[in-house]
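Please look over the model below.

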Amino acid sequence: MKQKIAERIRAARRVAVSCHLRPDADAVGSGLALCLLLRRLGLQADFINVDRAPSPIDRLPGYALVRHGQIHPQPYDLVVLIEGGNEERTGQKRLGEYDRLLIDHHLPSGDDGPSLAWVVPEAAAVGELVYDLALELGAGFDRDIAFNLFAAIAADTGSFKYSNTTARSLAVAADLARRGGFPPFEVSNLLFNSNPPEKIRMLTRVLSTLETALDGRVAMIHFRRDFLDRLSLKQIETEDVIAVARSIDGVQVLLFFKELDADYYRVSVRSRGEFSARCVAQSFGGDGHHHAAGFFYRGPLAAAREEVVRLVAAQLP
Ligand SMILES: [Mn+2]
């Protein structure tokens, strides 16, 4: 499949890259690296996303080349989609008019993605796949390409700590650091040590909602929109607060309820070991990975918590 993807890219002259809404560091880092390496190969490559990336992701090297909005109506020979193969995931309204391919590490959930899809669930991050593709295309790595791919992998593995981290993730990261000539801590500094004070204030508010259920095997936290009152933050980065809450000894499932609107929540499910976060999310119409998944819930918070905990209780051994 990698060879097929490389062939399609080699046959193109004008390529647009795009990723999912609410872009994360894997999607942005991988997309930037891909654009930069396509340009090295002499192609015209543009990275066009509907949503602007939150800080500090918008400080990844080369982020200034990202355009925000629709790909349409510019002509492109090929659109490469990162972690989101359809209009709903990307917010791109006219994808059907382009030749498309998808690079992803999420299992497809049976929708109208492109026919040519390179999906590797074993990859910890799309960054690993773009690294493979770069080798296949023979484009070479400059510092910014290597840095973006390293950042993509570091972000999706929680700095090489999550259960998706493999020996290969580490080997790829080591090779990227060597080729790019940067010390790995520069990536951690950018991704994890650049919080504005307001973000930490927000974190304390969310963490103060911590409750446990089922003998401490389930931890729950929530975010309410009014937590943003008197703060200049426009949105919250959820992964940090989730990581803190799920670090509690004995917690097998972490539920994070993020209020998007009145009685409307995005629920993030994180699990450890055998327990499948993905199964929980799918029961509510969502999807994701084995240990990290999510879904939307319409209804009051109390009802959401009760329903989800009941389902978790039935599935916990
Ligand atoms: Mn990813």
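Phe256 has Ser268 of strand β10 as its bridge partner. Strands here are DSSP runs of E with at least two residues, and helices are runs of H or I with at least four residues, numbered from the N terminus. This is a predicted model, in which local features need pLDDT of at least 70, side-chain atom pairs count only at pLDDT 80 or more, and totals for chains, interfaces and linings use all residues. Residues are numbered from 1 along each chain as its sequence is written.

Strand β9 (residues 253–261) and strand β10 (residues 264–271) run antiparallel and are joined by eight bridges. Two strands pair if DSSP finds at least two bridges between them. β9 and β10 form a hairpin with two residues between the strands, and Asp263 there has a positive phi near 55 degrees.

β10 also pairs with strand β12 (residues 292–298), again in the antiparallel sense, over seven bridges. Six of the eight residues of β10 are buried, leaving the strand mostly covered. Buried means that 20 or more other C-beta atoms lie within 10 Å of the residue's own; exposed means 12 or fewer, and partly exposed lies in between, with C-beta atoms placed from the backbone.

β11 pairs with β12 over two bridges, in the antiparallel sense. These two strands make a hairpin with three residues between them.

| Residue | Bridge partner in β12 |
|---|---|
| Val267 | Phe295 |
| Val269 | Ala293 |
| Gly288 | Ala293 |

**The parallel sheet**

Another open sheet has six strands in the order β3-β2-β1-β4-β5-β6, and its pairing is parallel. Its edges are β3 (66–68) and β6 (116–119), each of which pairs on one side only. On average, neighbouring strands of this sheet are turned by 25 degrees against each other, direction ignored. For such angles, axes are lines fitted to C-alpha atoms, for helices over the stretch in contact, and angles run from 0 to 180 degrees between N-to-C directions.

Within the sheet, strand β4 (residues 78–82) and strand β5 (residues 100–104) share four bridges in the parallel sense. Val80 has Leu101 of β5 as its bridge partner. Helix α4 packs on the sheet and touches β4, β5 and β6; the direction of α4 makes about 120 degrees with that of β5.

Helix α2 (residues 25–40) has 16 residues. From its first C-alpha to its last, α2 reaches 22 Å, close to the 22 Å expected at 1.5 Å a residue. The expected span is 1.5 Å times one less than the number of residues. α2 is largely enclosed by the rest of the structure, because 14 of its 16 residues are buried. Gly42 follows α2 and has a positive phi, near 90 degrees.

The axes of α2 and α4 (residues 126–137) come within 9 Å and cross at roughly 10 degrees. The two helices are therefore roughly parallel to each other. Angles under 35 degrees count as roughly parallel, over 145 as roughly antiparallel, 65 to 115 as roughly perpendicular and the rest as oblique.

Which residues of α2 meet α4? They are Asp26, Ala27, Gly29, Ser30, Ala33, Leu34 and Leu37, and they meet Val126, Gly127, Val130, Ala134 and Leu137 in α4. By class, this contact has eight nonpolar, three polar and one charged residues. Ala, Val, Leu, Ile, Met, Phe, Trp, Tyr, Cys and Pro count as nonpolar, Asp, Glu, Lys and Arg as charged, and the others, Gly among them, as polar.

**Thr90**

Thr90 lies in helix α3 (residues 87–90). Is Thr90 buried or exposed? Thr90 counts as buried because 25 C-beta neighbours lie inside 10 Å. Neighbours within four places in sequence aside, Thr90 is in contact with Ser18, Cys19, His20, Leu21, Val50, Leu81 and Gly84. Contact means that the C-beta atoms of two residues, placed from the backbone, lie within 7 Å. Thr90 and Ala123 are 33 residues apart along the chain, and their C-alpha atoms are separated by 21 Å.
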